[in-house]
Amino acid sequence: MSSAEWKAKCEAEWGLQGAPIPDSLNWESVFEAKPFGRNFLRNPCPYGLSKDSPPPEPELRDTPSRGPPPSQPEGDFSDWTTSNDVLPYDSSCIPQGAVVCQLPRYSWFSTEQVVDLKAEGLWEELLDEFQPKIVIQDCYEESQLHDSIYQLHVKLLGSDKSTVISEYSINPTEDRSNYSHTWKEVSHVFSGYGAGESPLTQCPPR
């Protein structure tokens, strides 16, 4: 198809009437990127699991493993920057003079990525004037480990990668008395975020 035909196909597919649609764009690439109405997280399932299937059952060992648990979960973390912070011990409940042989070790595992929205198929004039919806979707496994096991922070950044155009944060609290061992979905849609210079989406530690 010609560039004009690809452009017309994009207009019809996503209802872009009234949106700035310059002829200089590679409309075939835009159509293949499908930048509207989809999750902009790259590699959204780094643990190799899908919310379409139930979470795996915990592995019960005949004998307890020696040493602390692994500090980083297994998976393919391409497109993500990862970090692991060991949390300090809480010894406030240990009576004075008590001898403790071993305390559990907890850590906070974080993943972060920066998504270039222009590389994902959007373009500068569209972001500044038409301001399409920018969708972020994630999920996590319900747990009885702690009241707070998951956080999500998302920022829309300017092209300088530091100016914050809009942001969203969520830190859900677990109801450990009503545990059901399921996936919990988290999502946010940015809209009406105002003009900026080709914003990027940053997904800091979660």
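The dialogue below sets values against their definitions.

Modeller: This is a predicted model, in which local features need pLDDT of at least 70 and side-chain atom pairs count only at pLDDT 80 or more, while totals for chains, interfaces and linings use all residues. Residues are numbered from 1 along each chain as its sequence is written, and side-chain values use heavy atoms, with hydrogens and water left out.

Biologist: What makes up the secondary structure of the chain?

Modeller: The chain has three helices and seven strands, in the order α-α-β-β-α-β-β-β-β-β along the sequence. Helices (H or I, at least four residues) and strands (E, at least two) are DSSP runs, numbered from the N terminus.

Biologist: Why is Gln-131 called buried?

Modeller: Buried means under 20% relative accessible area, exposed over 50%, and partly exposed in between, with a 1.4 Å probe and protein chains only. Gln-131 has a relative accessible area of 19%, and is therefore buried. Gln-131 lies in the loop between helix H3 (124-130) and strand E3 (134-141). Of the 206 residues in the chain, 32% are buried.

Biologist: Why is Lys-161 called exposed?

Modeller: Its relative accessible area is 57%, so Lys-161 counts as exposed. Lys-161 sits in the loop between strand E4 (152-157) and strand E5 (164-170).

Biologist: Which residues of H1 are buried, and why are they said to be on the same side?

Modeller: Trp-6, Lys-7, Cys-10 and Trp-14 are buried in H1. They cover an arc of only 100 degrees around the axis, and so lie on the same side of H1. The arc is that of the directions from the helix axis to the C-beta atoms. The face turned away from this buried side carries the exposed residues Ala-4 and Ala-12.

Biologist: What covers the buried residues of H1?

Modeller: The cover includes helix H2 (27-33).

Terms used
Contact means heavy atoms within 4.5 Å.
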